Amino acid sequence: MSDHTTAQDAVPGRLPVPKTYKLYVGGAFPRSESGRSIPVTAPDGRHLAHAALASRKDARDAVVAARAAFAPWAARTAFNRGQILYRIAEMMEGRRDHFAGAVVDALGVPRPRAEEAVDAAVDRWIHYAGWTDKVAQVLGGANPVSGPFDNASAPEPTGVVAVFAPQDAPLLGLVSVLAPVIATGNTAVVVASESAPLPAVVLAEALATSDLPSGVVNILTGRTADVAPALAAHEDVDALDLTGAGALAADLERAAATTLTRVLRPGPRPDWWALPGLGRITPFLETKTVWQSVGR
Amino acid sequence: MPDTVATWTAPGNAVLRASLDALPGVDEAGVHARVAALATRSVKTSAKARAIDLAVRMVDLTTLEGADTPGKVRALAAKALRPDASAPDVPPVAAVCVYPDLVPVAVRALRGSTVGVASVATSFPAGRAPLEARLADTRAAVASGATEIDMVIDRGAFLTGDYRKVYDEIVAVREVCARSDGEPAHLKVILETGELAGHDDVRRASWLAMHAGADFIKTSTGKVSPAATPDVTLVMLQAVRDFRAATGRQVGVKPAGGIRTTKDALRNLVLVEETVGADWLDPRFFRLGASSLLNDLLMQRAKLTTGTYSGPDHYSAD
């Protein structure tokens, strides 16, 4: 191994091969339709890379991809969705070092702390993978009614959810808001952290290799304020998770109201390390109730 | 163009072949580069609004499935008359395009309107039936009230070099498009470019169809892939431009199949404007054969008027 390294070092002037950080839309990695990019810096001001600067049109393309993916993803068995979420965890585990490096760069935290965040993010996928086939039992059930009817309620996914990922937790926070949305059969258009988008792009690379159907998760990088209004007012977006929307949240909620879009408001500063419970699953579910007459 | 092509009358096959083969070859790389350059043209705001309305007026709203029912055709006709129920200012489309047996249903649903009834005929889409059967097919559609006939050429005959047969059949179909009681049905000739051997063939077939009396030349049936590629549309537009210069008669073009988005439609309009000019930017001379395109046009129109992107849930699936 050391011989090999020496041999490589001996090659004079080998050029580095830096990665182009692109969007993740419909299972592909396109550059922004606008052709623009935005410089990304570490907290200490060091230049890291350029990320794609998504435009409103990219947001629209992402919604189209998410809408197309919704029906087949929701129609998968809950068990199968659980398997796929587990597979995402497996793929992240295999790229642990890569993710840890991205978190160190993005947050400027010590390496061990970044590794803890990666572990927690992997565990978060496992957590929600377990929930996929249990949500219906916990949130649905038979309802007592005063009449000769069987009456049962079951939760169903809302549809296309625009997720504004937390700004200050680019990996663990991102996974914590994304996993509960897709676990129940929704599809997502994620607007990654504006200041630290690179871990989201690395996550997209793991998603693309983990049996997740194209379009179920679409990730946009760039300026949140550029794409947020178009997503919030889009008639084909069924719900918004405004967790990372910051000062834009009130305006976005107002825009969402014009097209009857569900909204999850940003709460008080969340602790991404704590066990999440059901609080991020239920806002993106609809309840279907079926009445059936009994007797002859 | 060579004079022989411009001035012939009922020639024999040898003359036809000599004339058509004398047409200059298509510079495929040049066509491709031209299309790519024009595809970058950006049409925005008020220009886009006008282009969308023009594209809506050019749509031949089409349903050509084995599972078509009278009910589906009536629904399509209602949509043709008033494409967006919530926006009465959207103009009606150019025509509804159906199979011959459903023409009476469409005619009844569209009576008194400006929307035409187009019928595919001549054993669409393959055209592999005896000429008598194909003519009977056309007669039935015309008798039922179709205002436009979309015929397919015999690609087999064309590819074997029997241009005379193709020519005679177009002339024969054109004759049965005539009506004793009024305007003849407009004849659109489908070249099915996806089955022809390259752009040179498209150019030859276009000239052949125009000489035989086509009112429109149409790219495809929609049943063969590739259908209406922008490259083929450009070659056909050049053909109608040169044909008018040579003969004075203006023939229309109809790309059909594979045009699904507003962006595709606008690129087609740019091709028309830049190749043949504004004379063709009219539903009488340019049509878009499509079914799913209309909803995308309506969604883009809604975006321009309301400022928010719309979703397919708000439009009828056809």
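I take a residue as buried if 20 or more other C-beta atoms lie within 10 Å of its own. The model I am reading is predicted.

I looked up helix H8 of chain A, residues 198-207. I found 9 of its 10 residues buried, so the helix is largely enclosed by the rest of the structure. I listed the buried ones: Leu198(A), Pro199(A), Ala200(A), Val201(A), Val202(A), Leu203(A), Ala204(A), Ala206(A) and Leu207(A).

Entry: Ala200(A).
I picked one residue of this helix, Ala200(A). I noted 27 C-beta neighbours inside 10 Å, and because the cut-off is 20 or more, Ala200(A) counts as buried. Next I asked which residues Ala200(A) touches, leaving aside those within four places in sequence. The contacts are Ala165(A), Pro170(A), Leu174(A), Val190(A), Ala192(A), Ser193(A), Ile219(A) and Thr221(A). I also checked Ala239(A), 39 residues from Ala200(A) along the chain. The C-alpha atoms of the two are separated by 21 Å.

Entry: annotated span.
I looked up the UniProt record, an unreviewed entry, and it annotates residues 32-263 of chain A as "domain: Aldehyde dehydrogenase". I found that this span is 50% helix and 18% strand. Its end C-alpha atoms lie 27 Å apart.

Entry: chains A and B.
I turned to the contact between the two chains and asked how many residues each contributes. Chain A gives 9 residues and chain B gives 6. I sorted the chain B side by class and got 4 polar residues, 1 nonpolar and 1 charged.

Terms used: Residues numbered from 1 in each chain as written. Chains lettered and ligands numbered in written order. Predicted model: local features only at pLDDT ≥ 70, side-chain atom pairs only at ≥ 80, totals over all residues. Contact = placed C-beta atoms within 7 Å. Nonpolar A, V, L, I, M, F, W, Y, C, P; charged D, E, K, R; others polar. Buried ≥ 20, exposed ≤ 12 C-beta atoms within 10 Å, placed from the backbone. Helix = DSSP H or I, 4+ residues; strand = E, 2+ residues; numbered from the N terminus. UniProt positions renumbered as here; feature names shortened; annotations may be inferred.
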